[in-house]
Amino acid sequence: IRYKTQPSRALSSALEGTLTMAKIQITYFPLKGRQAACLLLLEDQQVPYDFVPVERANWPDIKQKGLEDGTLPFGQVPQLKDGDLYLVQSAAMIRYLARKHGLYGKNSAEAAKCDMYEEAITDMRNDAMKLFYADPTKAVEEIKKTVFPKHAAYFEAILKRGGTDYLVGDSVTYVDYILTDMLDSMVEMAPEILDTYPLLKAHYGRMQARPNIAAYRASGREPPSWYSVNKPKAAA
Amino acid sequence: RYRRNKMAKVQITYFPFKGRQAAFVLLLEDQQIPYDYVPVEFANWREVKQKGLEDGTLPFGQIPQLKDGDLYLVQSSAIVRHLARKHGLYGKDSVEAAKCDMYEEGITDMRNDAMKLLFADITKAPEEIKKTVIPKHAPYFEAILKRGGTDYLVGD
């Protein structure tokens, strides 16, 4: 059977939303971290889910058990449970949700672009995290000077060439949530950082203004960011 | 039949080594998908990169790049997923597709750990990789293959 990029929306909702016996379950530390983009998707799309927090003190036991029974095949969280499927690796989780909920573009060319942009945003994230691990006190300044300008320019050009409200095509895809999460991290460290990137700033504003995302943010249910918990106390 | 009737072959552009094109070149060769390879010499790279950034065909100033008709794709993981979708190599349902994605990410993590050591000190890297990277990641995939019980990482 040739696997299609995505089932039709109607079929997808009928089969997967209504008839699914159990809600999706996300297991992770009580931080935004690597689950944040998935949560934005779930909240925006009003997909019911349960969040299972992992306390640091319990993590070694949970990790060991997950490695033994195969539900944490790499000894890492976040993990998504959907019925019998246990998924780890945040990028795999969000692609799974994207396929399920029609957020993977409208054809294979758009799906490929979603994947391409997700990989590039991951590169940006990795560059930023490298600086944090090297020297947290200097990281924000370095990111503002090097990582952000380098990568933001690429996405400003992509938005310009695309000419729509979304990174790919003319409706929301999973990569819009990935970008929004990335920009959340940047804006938290440097609120003015988007000012010289008008298209990125506009995209970010539109995503924040989506009713379900705005409500989620206002609800207080959103976990804290890694940065807010780990930022150097002496940072200006 | 559909593949062979397509108007144009896919075209791969990259430096003349395996690097980040190797996995999808294996896919193309194993599946007998016709393709053209456009090598980029290091001396020309700067120009090729500049042009690609300007016209959007190299949106991140990086290769490998796959051209499939009007579609210009970069990021090797996106390229291999596109070919997988196109040629029925993404598992038989959404659960298998998700496992494919999960394992690709896990292998990328392993690759990144190995590359970090190679870039740090190429002479010491093989020993370090044997002592740290392999013993960390290989057991994960040994366990995955054991639990799966088939000849393949995902499905049959």
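Does B:Leu145 count as buried, partly exposed or exposed, and at what relative accessibility?

Reply: B:Leu145 counts as partly exposed, because its relative accessibility is 36%. The scale here is relative accessible area with a 1.4 Å probe and protein chains only: buried is under 20%, exposed is over 50%, and partly exposed is in between. Before going on, note that this is a predicted model, where local features need pLDDT of at least 70, side-chain atom pairs count only at pLDDT 80 or more, and totals for chains, interfaces and linings use all residues. Residues are numbered from 1 along each chain as its sequence is written, chains are lettered from A and ligands numbered from 1 in the order in which they are written, and side-chain values use heavy atoms, with hydrogens and water left out.

B:Leu145 sits in helix H6 of chain B, residues 125-148 (helices are DSSP runs of H or I, at least four residues, and strands are E runs of at least two, numbered from the N terminus). Together with B:Ile107 and B:Leu153, B:Leu145 makes a nonpolar surface patch of about 220 Å² accessible area. For such a patch, residues need over 30% relative accessible area and no salt bridge, with nonpolar side chains (Val, Leu, Ile, Met, Phe, Trp, Tyr) joined within 5 Å; the areas are Shrake-Rupley values with a 1.4 Å probe, and for residues only the protein chains shown count as cover.

Now for the charged pairs in chain B. B:Arg81 has a salt bridge to B:Asp101, with the closest N and O atoms 2.8 Å apart (a salt bridge is a side-chain nitrogen of Lys or Arg within 4 Å of a carboxyl oxygen of Asp or Glu). B:Arg81 is in helix H4 (residues 76-86) and B:Asp101 in helix H5 (residues 94-120), so this pair ties together parts 20 residues apart in sequence. Both partners are buried. B:Arg81 also meets B:Glu105 in a salt bridge, at 3.7 Å from N to O. B:Glu105 is in helix H5 too, so here the tied parts are 24 residues apart in sequence. Salt bridges with shared partners join these residues into one network that spans both chains, including A:Arg95, A:Glu118 and B:Glu104.

Over all chains, the search finds 34 salt bridges. One of them pairs A:Asp184 with A:Lys32, the closest N and O atoms being 3.7 Å apart. A:Asp184 lies in helix H7 and A:Lys32 in the loop between strand E1 and helix H2, so the pair ties together parts 152 residues apart in sequence.

Technical notes: Patch = residues over 30% accessible without salt bridge, like charges linked within 9 Å, V, L, I, M, F, W, Y side chains within 5 Å.
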